[in-house]
Amino acid sequence: MADMEETGGVSAYGAAFAGGGFDFYKFIRQPQTIVRFLSWIFAMVVFACITGEGYVNTPYQAEAKCIFNHNDSACHYAVGIGVIAFLACVAFLVLDVYLPFMSNAEERKFAVIADLGFSGVWTFLWFVCFCLLASQWTKTPDDHSIPKDAARASIAFSFFSIATWGILTYFALGRFRHGINDVAIPTYTETVPDIATPYPPTYAPTSYNPTTYTPTTYTPTTYTAYPSNLPDIQQQPPLAQNLPPKVDAGYQPPSY
């Protein structure tokens with residue numbers, strides 16, 4: 001993906017995140033744009049050749065018949081595939097322009113999936129168209145009234161369309177894978193510890209050696225008695241005798 005590699009930044013589904021400007025010259029130089037434009041031209045050549053010169057009538061028939069062995073189904077199939085491919089190329093070109101402006105990754109994903117699915121289906125349908133036209137052309141009788149150049153051009157450009165639509169399928173698949181790698185949310189896987197292992201592999205427990213405890217002997221200390229002639233500090237004073245309360249001699253009680 002040349003257009004992805006030239007950006008050099010983070011992108012989603014083959015286009016840079018929304019917010020940047022649109023570079024027209026860079027867009028038309030992208031391989032996907034060039035191949036889609038070629039597919040548009042090839043489809044136009046196929047249905048234009050058949051609608052313009054794909055039906056002729058002989059002097060003995062009034063109704064025009066398909067130049068591919070007078071099989072109208074072959075001409076109708078080629079015209080239908082060519083017209084739808086022509087319109088689809090225009091639609092997907094507009095979608096390629098609008099894709100960088102999509103801010104939602106889910107919308108980009110749906111757009112890329114639509115491109116991938118349509119391109120893959122139309123690759124197969126162009127292969128069927130080429131096989132059908134080539135088979136009917138080999139069965140067509142040699143008639144000078146039949147425009148051989150138009151028939152050969154339809155067959156040739158049907159074959160070229162197989163290649164261009166196959167390349168578009170490859171580009172769409174690459175954009176889809178690119179988007180999955182960038183937008184997918186990483187998942188966290190927690191490591192389950194090994195319950196059977198008693199210790200981590202990097203941890204080795206040391207052996208325990210108990211130490212012998214030797215109790216110490218207690219020797220009582222001899223104290224010297226204090227002399228008995230010291231006064232007892234904590235001795236309470238003798239209880240005072242119950243004395244009558246003192247009365248003031250100058251106090252005379254009031255007379256009522």
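Start by selecting C66 and C75 and showing their side chains: the link between them is right-handed, with 70° about the S-S bond. Their sulfur atoms lie 1.7 Å apart and form a disulfide (a pair of cysteine sulfur atoms within 2.5 Å). A search of the whole structure finds 1 disulfide. Both C66 and C75 are buried; buried means under 20% relative accessible area, exposed over 50%, and partly exposed in between, using a 1.4 Å probe and protein chains only.

A word on what you are viewing: this is a predicted model, in which local features need pLDDT of at least 70 and side-chain atom pairs count only at pLDDT 80 or more, while totals for chains, interfaces and linings use all residues. Residues are numbered from 1 along each chain as its sequence is written, and side-chain values use heavy atoms, leaving out hydrogens and water.

Next, select C129 and C131. C129 is buried, with a relative accessible area of 0%, whereas C131 is partly exposed at 35%.

D72 is partly exposed, with a relative accessible area of 22%. Leaving aside residues up to four places away in sequence, D72 touches Y55, K65 and C66; contact means heavy atoms within 4.5 Å. Y55 is 17 residues from D72 along the chain, and their C-alpha atoms are separated by 8.6 Å.

For the last stop, select residues 72–98 for helix 4 and 105–138 for helix 5. How do their axes cross? The axes come within 10 Å and cross at roughly 155°; they are lines fitted to C-alpha atoms over the stretch in contact, with angles from 0 to 180 degrees between N-to-C directions. Helix 4 and helix 5 are therefore roughly antiparallel (angles over 145 degrees; under 35 is roughly parallel, 65 to 115 roughly perpendicular and the rest oblique).

To see where the helices meet, show side chains including A74, Y77, I81 and F92 in helix 4, and F118, W122, W126 and C129 in helix 5.

Conventions. Helices (H or I, at least four residues) and strands (E, at least two) are DSSP runs, numbered from the N terminus.
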